Each structure stands twice: as C-alpha cells, then as structure tokens.
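Here is a friendly walk through the structure shown below. Have the 3D view open beside you as you read.

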Amino acid sequence: MYSKSINNYFISIIIPIYNDEEIIPRLVDEVLIHFNDINLFEIIFIDDKSTDNSVGMLNTLLRKNNFNNFKIILNSQNLGASATRNIGCKNAKGDYLAFLDSDDAWHKDKLNIQINLMQETNSYISGTKHKIISPNQLKKEMNIDFKTKEIHFTEVKWPNILFKSPFCTPSVIIHRSVIEKYLFNDKLRFAEDYDFWLRSSYEFKTIKILEDLTFTFKHDFLSDSNSLSSNLFLMQKSVTLVRINLIKEPKYSFILKILIVAALLFEYFKFLIRFLKKFSLRTRQLILNKNFK
C-alpha cells in the first residue's frame with residue numbers, strides 16, 4: 001500500500017491535443033480537476049495544429065476551474081504524436097514527466113502510487129495496467145480506494161519486452177534523466193511509444209504496476225475510428241521498422257538480435273490474428289446492418 005504524498009517532486013504532465021473540442025470538457029472537468037489543488041504540478045498542452053476550437057475551449061475551461069500552472073504550446077504545423085510529445089518533454093521542468101492523452105483518464109491517486117513506487121524500487125520508467133471503460137464508468141473507477149491495498153508490480157526486462165509492449169502511453173511516468181538520453185522517434189507515426197520503451201528500458205530500470213490506474217475509452221486495435229491505433233497495416237509496418245532499427249544497433253549482442261528477429265516473426269503472427277478479428281467484426285456488422293434494412 002502507499003502512504004506518502006508526492007509533495008517533494010515537481011511533476012510535468014504532458015498532454016498532446018488535436019481537434020479535441022468535444023472531449024476537452026471531460027479531460028478538464030472529470031480528470032485534471034483532481035490534480036488542480038497540488039501546487040507542484042505543471043500541465044503542458046501541445047496543440048498539434050488543431051482546426052477546431054480546441055485551444056479556445058481549453059483556455060476557457062482551465063481558467064474557469066482556476067488552473068494556474070499550465071502552458072499551451074501551439075505547433076506551427078501538424079507534426080504527429082512523436083514530435084508533439086518531444087516538444088512537451090523539451091519544455092518540461094519536472095523531476096518526473098507523466099504522459100496523458102486527451103481522450104484517456106487516470107485514477108485520482110495514480111501519480112501518488114506510481115511515483116512513490118518508483119522511488120521505493122529505484123525505477124526510472126513505470127507504467128500501469130489500463131482498463132477499457134465507457135465514459136459513465138469513469139467516476140466509479142476513479143474513486144476505487146487503493147490506500148488499504150497492497151500495490152503489485154513487476155519489473156519489465158529485456159528480452160521479454162521484445163515480444164509485447166508492456167503498457168500504453170497514458171499510463172507512463174518517466175524520470176527526467178531518461179529524456180536527457182532518449183526521446184520519441186519523430187520519424188515514426190505509429191508504434192513510437194513502444195519504440196521508446198524498448199530503447200530506454202534496455203538501460204533504465206522499468207516497472208509495471210499491476211493495478212488499473214489508467215482508463216481508455218476505446219479498444220486499442222479493434223476500433224472502427226480513424227485513430228492511429230486502428231490502422232493495423234501502418235502499425236505493423238512501423239513495428240517492423242522498430243525491430244529492424246534495433247537489429248542495426250551495435251550495442252545489442254548477437255543472441256539478442258536473434259531474439260529480436262524471433263519477436264519480429266511473432267509480431268506478424270499477432271498482426272494476422274488482429275486482422276482476422278477486425279475482419280470478422282466488420283463482416284458481422286455488415287450482416288447485421290443488411291438484416292435490419
């Protein structure tokens with residue numbers, strides 16, 4: 001269980017936004033409001049050249065709720081997730097950097113639990129389990145009491161991480177020393193987060209907290225939306241590139257490179273399963289739609 005408060009560490013929360021006018025009210029009023037009374041936070045929003053009123057709405061809601069320690073950075077052009085998060089990292093002043101996506105949410109005690117455990121285990125990178133919920137479940141999930149529970153975690157190690165991404169980006173907190181050596185690969189538009197965890201966890205101790213402290217409102221791979229995570233083919237292409245880049249790195253041993261190749265083959269098998277699942281879901285939906293006509 002945890003008991004300490006994160007009042008000894010300055011934390012930067014990095015949130016990219018892009019055409020998020022419809023979801024910004026939930027982000028501010030239901031998620032960030034829980035952290036507004038903690039002085040040692042800064043919240044950095046990076047707008048990736050939105051074409052709607054995201055920035056105006058964000059400014060209005062932050063000031064309405066008396067947020068003080070925030071900044072909004074405006075990209076001059078649409079740069080994508082990697083470059084946008086890197087801009088947030090480079091502007092962050094915190095001892096710890098926490099990543100949050102505009103359409104996701106945190107448990108109200110997530111930062112306390114996570115940073116305290118990082119301190120206790122001398123870890124530099126951590127993530128949590130995440131749970132897919134509907135928006136009307138958020139209040140209940142955010143108020144689950146972890147204060148009387150033992151917090152379970154596992155260390156994320158090579159080569160196991162080669163076969164599965166350990167956590168989603170909105171669950172991750174990193175120590176400042178990590179970004180002094182590693183940033184997101186801004187040449188990748190997909191799988192840039194997994195690429196970051198792979199490269200940095202080889203050097204920095206990484207843990208995963210086995211509690212649902214992060215919440216998402218969509219399925220990672222089976223979404224019918226036009227989000228990045230729903231584009232299976234481009235995702236697979238990027239994951240392949242990530243593996244190839246690792247193989248080219250001289251610091252990895254010959255044995256590790258064999259495992260990287262094995263992981264690449266395993267990834268193609270997982271891709272086939274995901275593709276078949278998505279194809280099956282869409283086929284069933286088309287049949288249902290046809291039957292209702």
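## Before we start

A residue is called buried when its relative accessible area is under 20%, exposed when it is over 50%, and partly exposed in between. Keep in mind that this is a predicted model.

## The chain as a whole

The chain has 293 residues, and 48% of them are buried. Its secondary structure consists of nine helices and nine strands. Taking contacts between residues at least 6 apart in sequence, 84% join residues that are at least 24 apart.

Helix 2 spans residues 54-64, and its buried residues are Ser54, Leu58, Leu61 and Leu62. Viewed down the helix axis, these buried residues fall within an arc of 100 degrees, so they line one face of helix 2. The general rule behind such a pattern is that an α-helix has 3.6 residues a turn, so residues three or four places apart point the same way.

What do the buried residues of helix 2 pack against? Their partners are strand 1 (11-17), helix 1 (24-31), strand 2 (41-47) and strand 3 (70-74). On the face turned away from the buried side you will find the exposed residues Thr60, Arg63 and Lys64. Just after helix 2 comes Asn66, which takes a positive phi of about 60 degrees.

## Aromatic rings

How many aromatic pairs does the structure hold? There are 14 aromatic pairs. One of them is formed by Tyr124 and Phe204: the pair is tilted, with 5.6 Å from centre to centre and 55 degrees between the planes. Tyr124 lies in the loop between helix 4 (110-121) and strand 6 (125-132), while Phe204 lies in the loop between helix 7 (192-201) and strand 9 (206-216), so the pair ties together parts that are 80 residues apart in sequence.

Elsewhere, Phe99, Phe167, Phe184, Phe196 and Trp197 form one aromatic cluster. Phe184 also has a charge over its ring: the charged end of Arg85 sits 5.7 Å from the ring centre. Arg26 lies over the face of Phe217, at 3.9 Å from the ring centre.

## Cysteines

For anyone planning to look at the cysteines, a search of the whole structure finds zero disulfides. Cys89 is buried, with a relative accessible area of 1%. Cys168 also counts as buried, because its relative accessibility is 13%.

## Backbone details worth a look

Which peptide bond is cis? The bond from Trp158 to Pro159 is cis, with omega near 0 degrees. Pro159 belongs to the loop between strand 7 (153-156) and strand 8 (173-175).

With a relative accessible area of 52%, Asn122 is exposed. Ala191 counts as buried, because its relative accessibility is 4%.

Terms used. Residues are numbered from 1 along each chain as its sequence is written. This is a predicted model: local features need pLDDT of at least 70, side-chain atom pairs count only at pLDDT 80 or more; totals for chains, interfaces and linings use all residues. Side-chain values use heavy atoms; hydrogens and water are left out. Buried means under 20% relative accessible area, exposed over 50%, partly exposed in between (1.4 Å probe, protein chains only). Helices (H or I, at least four residues) and strands (E, at least two) are DSSP runs, numbered from the N terminus. The arc is that of the directions from the helix axis to the C-beta atoms. Contact means heavy atoms within 4.5 Å. A disulfide is a pair of cysteine sulfur atoms within 2.5 Å. Rings of Phe, Tyr and Trp (its six-membered ring) pair if their centres lie within 6.5 Å; planes under 30 degrees apart count as stacked, over 60 as edge-to-face and the rest as tilted. A charge sits over a ring if NZ of Lys or CZ of Arg is within 6 Å of the ring centre and within 35 degrees of the ring normal.
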